[in-house]
Amino acid sequence: ARLLLGSLHERLAPELHGDFYVATPSRDMFVALSCDPPEFVERLQKRVDQDYRRLPYPITRDMFVVTQDGVAGTAA
């Protein structure tokens, strides 16, 4: 449900310097991170995947791109 908030980009973009990624590996976890540096994003993607596999109530291992227009889709 957090991903569907119409104000998500408006609220987090100033802190994350523009468009950003979000992930919900499990029911009780929500992660938002900037798109740079790529090495950091890659490390967090691995952690999201690990959490998806180990935590109860998994949702998705995908990271989604959030823009002014909403959730644009999954990160490559």
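1. E42 is partly exposed, with a relative accessible area of 48%, where partly exposed stands between buried (under 20% relative accessible area) and exposed (over 50%), taken with a 1.4 Å probe and protein chains only. Its partner K46 counts as exposed at 51% relative accessibility, and the side chains of K46 and E42 meet in a salt bridge at 3.7 Å, N to O, a salt bridge being a side-chain nitrogen of Lys or Arg within 4 Å of a carboxyl oxygen of Asp or Glu. Both K46 and E42 lie in helix 2, four residues apart, about one turn of the helix; helices (H or I, at least four residues) and strands (E, at least two) are DSSP runs, numbered from the N terminus.

2. The model is predicted, so that local features need pLDDT of at least 70 and side-chain atom pairs count only at pLDDT 80 or more, whereas totals for chains, interfaces and linings use all residues. Residues are numbered from 1 along each chain as its sequence is written, and side-chain values use heavy atoms, with hydrogens and water left out.

3. Helix 2 also holds R47 and D51, four residues apart, and these two form a salt bridge whose closest N and O atoms are 3.0 Å apart. R47 is partly exposed at 42% relative accessible area, while D51 is buried at 3%. Salt bridges that share partners join R47, D51 and R54 into one network, and the structure holds six salt bridges.

4. R27 has two partners to note: its side chain meets that of D28 in a salt bridge (3.2 Å, N to O), and its charged end sits over the ring of Y57, 3.9 Å from the ring centre. A charge counts as sitting over a ring if NZ of Lys or CZ of Arg is within 6 Å of the ring centre and within 35 degrees of the ring normal.

5. The largest nonpolar core has eight residues, namely Y21, A23, V31, L33, V41, V48, M63 and V65; such a core is a set of buried Ala, Val, Leu, Ile, Met, Phe, Trp, Tyr and Cys residues joined through side-chain atoms within 4.5 Å. Strand 1 (20-23), strand 2 (31-34), helix 2 (38-54) and strand 3 each supply at least two residues of this core. A second, separate core of seven residues includes L8, V22, F64 and V66.

6. Strand 3 (residues 63-67) and strand 4 (residues 70-74) run antiparallel and are joined by four bridges, pairing being assigned if DSSP finds at least two bridges between strands. The two strands form a hairpin with two residues between them, and V66 stands opposite V71 in strand 4.
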